[in-house]
Amino acid sequence: MNGRLILLLGAVAASLLVVACAPMPAWKLCAQGQQLMHLHTKLSIFVDGQPQTVSANIGILPGCHRPLHTHDTDGIIHVESHVVRDYTLGDFFKTWGKELSPEQALSYRAADGYTIRAKAGGADVTDLAGLMLKDSLEIVISITSPRQP
């Protein structure tokens, strides 16, 4: 083999090794082994006062329960983890595959005129994605449509 081909193959192998060894975010891991954390947070989402469904089986895949998951459409987020760490509402939304930021919740964007407000345990929340999930915490996200002139 010529030197350039060997160099190219070595570079490809090294890049694959870096990708394979990159740590996976904790919210993506399968919850296996002894549970060191087990708590439940209630999430309610309203758009123009109408309740929205938090899907069942978020984070549940064949042979894998992610640390953050739902079983039913009751809005209960289950935190069941073999690692003790802080999990956030942002981690749950990533598991769900939905957007959550100060400027957007689900498909509703502040840039389009929607107002996004949230409360946790009755207190106003400004950093939704950074909100720590705690046992028996009730989170309410309220989204209102743009006002019509």
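## Ground rules

Two strands pair if DSSP finds at least two bridges between them. Helices (H or I, at least four residues) and strands (E, at least two) are DSSP runs, numbered from the N terminus.

This is a predicted model: local features need pLDDT of at least 70, side-chain atom pairs count only at pLDDT 80 or more, and totals for chains, interfaces and linings use all residues. Residues are numbered from 1 along each chain as its sequence is written, and side-chain values use heavy atoms, with hydrogens and water left out.

## The S7-S8-S9 sheet

Strands S7, S8 and S9 form an open sheet, in that order, with antiparallel pairing. Strand S7 (100-101) and strand S9 (108-109) stand at the edges. Each has a single partner strand, so one side of each lacks a neighbour in the sheet.

S7 pairs with strand S8 (residues 104-105) over two bridges, in the antiparallel sense. Leu100 has Ala105 in S8 as its bridge partner. In general, strands of a sheet pair through backbone hydrogen bonds, either parallel or antiparallel.

## Overall layout

The protein has two helices and 12 strands. Along the sequence, the pattern reads α-β-β-β-β-β-β-α-β-β-β-β-β-β.

Of its 149 residues, 33% count as buried. Buried means under 20% relative accessible area, exposed over 50%, and partly exposed in between (1.4 Å probe, protein chains only). The accessible surface comes to about 9200 Å², by the Shrake-Rupley method with a 1.4 Å probe; for residues, only the protein chains shown count as cover. Carbon and sulfur atoms hold 56% of that surface.

Contact means heavy atoms within 4.5 Å. Among contacts between residues at least 6 apart in sequence, 61% join residues at least 24 apart.

## The disulfide

A disulfide is a pair of cysteine sulfur atoms within 2.5 Å. By this rule the count is one. Cys30 is joined to Cys64, with an S to S distance of 2.0 Å. The pair links distant parts of the chain, 34 residues apart. Cys30 sits in the loop between helix H1 (3-21) and strand S1 (37-47); Cys64 lies in strand S4 (residues 64-65).

The torsion about the S-S bond is about -110°, so the disulfide is left-handed. Cys30 is partly exposed, at 26% relative accessible area. Cys64 is buried, at 7%.

## Leu43

Leu43 belongs to strand S1. Leu43 is buried, with 2% relative accessibility. Leaving aside residues up to four places away in sequence, the residues Leu43 touches include Val54, Gly75, Leu89, Phe92 and Ile141.

Leu43 and Ile76 are 33 residues apart in sequence. In space, their C-alpha atoms are 6.2 Å apart.
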